[in-house]
Amino acid sequence: MTIFQLIMLGGSAYFAFKIYEHIQTLQEPEKKGEADNSSKDIVVDEKRTADAFSTFDADSLIKKADEARENEELDKAIALYREANIKEPQNAEVLFKMGYTLAQAKREDEALEYLLESIEADPENPFAYKTISELYRELGDEEKADEYYKKAKELDEDIWNI
């Protein structure tokens with residue numbers, strides 16, 4: 001073997017070892033306690049934080065997700081909203097936009113979860129109530145649809161004219 005081949009072999013072995021080390025640090029998050037029925041608890045290993053996954057802050061992720069949604073790249077938008085939700089949990093704007101985008105993607109059950117969480121975080125958002133009402137109507141639950149319709153109308157009389 002030439003010296004160049006030996007150097008290349010050593011370099012390849014080094015990088016293979018570094019990849020092996022990295023893979024060994026990756027672990028499944030452990031679930032601590034029971035999740036409440038309104039949302040699922042996400043427990044992240046203490047070595048891994050949301051900042052380790054992305055260098056973007058929540059606001060820039062929201063902007064990118066909004067652009068993706070406008071371009072009808074719904075799966076991309078959903079992924080970006082999820083990441084923003086990890087970085088800034090219980091942000092009413094992120095929860096609402098996530099629910100709205102899931103509704104556009106015809107994933108009604110998931111959409112309802114996020115929209116209901118968004119009204120817990122911001123009970124004065126008439127658009128969340130309107131979207132929930134429309135989803136329940138699509139799912140055939142007229143009683144719940146009327147309940148959320150009335151609440152949306154209370155908060156903003158003109159919401160149905162938009």
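Let's start with a pair of side chains: arginine 69 makes a polar contact with tyrosine 81, side chain to side chain, at 2.7 Å. A polar contact here is a pair of N or O atoms within 3.5 Å; within protein, one must be able to donate a hydrogen and the other to accept it, and residues adjacent in sequence count only if both atoms are side-chain atoms. Bear in mind that this is a predicted model, where local features need pLDDT of at least 70 and side-chain atom pairs count only at pLDDT 80 or more, while totals for chains, interfaces and linings use all residues. Numbering runs from 1 along each chain as its sequence is written, and side-chain values use heavy atoms, with hydrogens and water left out.

Stay with arginine 69 for a moment. You'll find arginine 69 in helix 3, residues 58–70; helices are DSSP runs of H or I with at least four residues, numbered from the N terminus. Setting aside neighbours within four places in sequence, arginine 69 is in contact with Leu74, Ala77, Tyr81, Lys97, Tyr100, Thr101 and Gln104, where contact means heavy atoms within 4.5 Å. Thr101 sits 32 residues away along the chain, yet the C-alpha atoms of arginine 69 and threonine 101 are separated by 7.2 Å.

Now for the charges. The structure holds eight salt bridges, each being a side-chain nitrogen of Lys or Arg within 4 Å of a carboxyl oxygen of Asp or Glu. Arginine 69 pairs with aspartate 66, the closest N and O atoms being 3.5 Å apart. Both partners lie in helix 3, three residues apart, about one turn of the helix. An α-helix has 3.6 residues a turn, so residues three or four places apart point the same way. Aspartate 66 counts as buried because its relative accessibility is 15%; buried means under 20% relative accessible area, exposed over 50%, and partly exposed in between (1.4 Å probe, protein chains only).

Over in helix 5, lysine 97 and glutamate 93 are four residues apart, again about one turn of the helix, and they form a salt bridge with closest N and O atoms 3.0 Å apart. Lysine 97 is buried at 15% relative accessible area, whereas glutamate 93 is partly exposed at 39%. Another salt bridge joins arginine 137 to aspartate 146, with 3.3 Å between the closest N and O atoms. Arginine 137 is partly exposed at 35% relative accessibility, and aspartate 146 is partly exposed at 34%. As for shared partners, salt bridges join Asp66, Arg69, Glu93 and Lys97 into one network.

Next, look at helix 6, residues 108–121. Which residues of helix 6 are buried? They are Glu108, Ala111, Leu112, Tyr114, Leu115, Glu117, Ser118 and Ile119. Their cover includes helix 4 (74–87), helix 5 (92–104), helix 7 (126–139) and helix 8 (142–155).

Not counting residues up to four places away in sequence, asparagine 125 touches Phe96 and Leu155.

Finally, go back to the segment before helix 1 (3–25), where methionine 1 lies. Methionine 1 is exposed, with a relative accessible area of 72%.

Terms used
Helices (H or I, at least four residues) and strands (E, at least two) are DSSP runs, numbered from the N terminus.
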